[in-house]
Amino acid sequence: MPNLLAHNVNVLGSVTTSSLSAWRGCMVVEKCVQPELPIVLYDMEACPFCRRVREAFTALHLDVDIRPCPKGGQRFRAEAAEIGGKQQFPLLVDKNTDTVMYESSDIVAYLFREYAGRPVPKFYRGKPWQPAVGSVASAVSALRGLRARISSQPVQPLHLWSFEGSPFSRLVRERLCELEIPYTLHNLGKEHWTELGPATQRLKPGPYTPIPGGKRDAFFQQHRRVQVPYLEDPNTGESMFESARILKYLKAHYGA
């Protein structure tokens, strides 16, 4: 019971974080084609500037390979500094265009320009007050996803289906960052207003039917539901829904 209570408190904090972030990173703005080579993001989950970039990835329906770089991390921080010249995050590496880039505003503008062929929508443009609110949003989540924990390194990166604004998915991303576990982030943002609301009770009544031919439809055809977070671990063959179950699994297999 104490573990369940703590988890529910963390979920509530994560909901508040999404609210303070104006629920950006929930809806798809442009359905972009995934590039030939994976885009890599050196990322710190609790960083509000990194959050802005992840919001843009959801808005563009793009997947991204995450290299977690929490404070005190030993696995990817040196690699990031070797590539970009300094330990500053977010750091984007896109081999499709030979791009290495810092600064969240520049990265967001690059992603919309390169993959959607358009300027950054007003909702995703940086505001002067945004860093302060973003820092409060991170504080509400108790700065989870900020500092490294002792962990075991997987041989292969994991796969997480998520979207940035999902409070339940955030809890899993925070833990993956703390454990410095690399993973491919498969973005499953909401493609239509009828998908608003939790997976068990969307705004539109009746059976859920995703837009045919989209990423959500492909996920639905395989799993018969669209719910995040969903984790696959190629190292063990395990796959699972539900944030609490995923967190328990990560602790058992990779946490100290």
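Let's start at a ring with a charge over it. The charged end of R24 sits over the ring of F123, 5.9 Å from the ring centre. Keep in mind that this is a predicted model. There is a second case. Here the charged end of K86 sits over the ring of Y102, and the distance to the centre is 4.8 Å.

Now ring against ring. How many aromatic pairs does the structure hold? Nine. Two of them are on my list today.

Take F123 again. F123 pairs with Y124. The centres are 5.5 Å apart, and the planes make an angle of 85°. That counts as edge-to-face, because the angle is over 60 degrees. Are these two residues buried or exposed? F123 is partly exposed, at 42% relative accessible area. Y124 is buried, at 6% relative accessibility.

Next pair: W161 and Y230. Their centres are 5.5 Å apart, with 55° between the planes.

Which residues make up the aromatic cluster? W161, F219, Y230 and F241 form it.

To recap: R24 sits with its charged end over F123, F123 pairs edge-to-face with Y124, and W161 and Y230 belong to one aromatic cluster with F219 and F241.

Methods:
Residues are numbered from 1 along each chain as its sequence is written. This is a predicted model: local features need pLDDT of at least 70, side-chain atom pairs count only at pLDDT 80 or more; totals for chains, interfaces and linings use all residues. Side-chain values use heavy atoms; hydrogens and water are left out. Rings of Phe, Tyr and Trp (its six-membered ring) pair if their centres lie within 6.5 Å; planes under 30 degrees apart count as stacked, over 60 as edge-to-face and the rest as tilted. Buried means under 20% relative accessible area, exposed over 50%, partly exposed in between (1.4 Å probe, protein chains only). A charge sits over a ring if NZ of Lys or CZ of Arg is within 6 Å of the ring centre and within 35 degrees of the ring normal.
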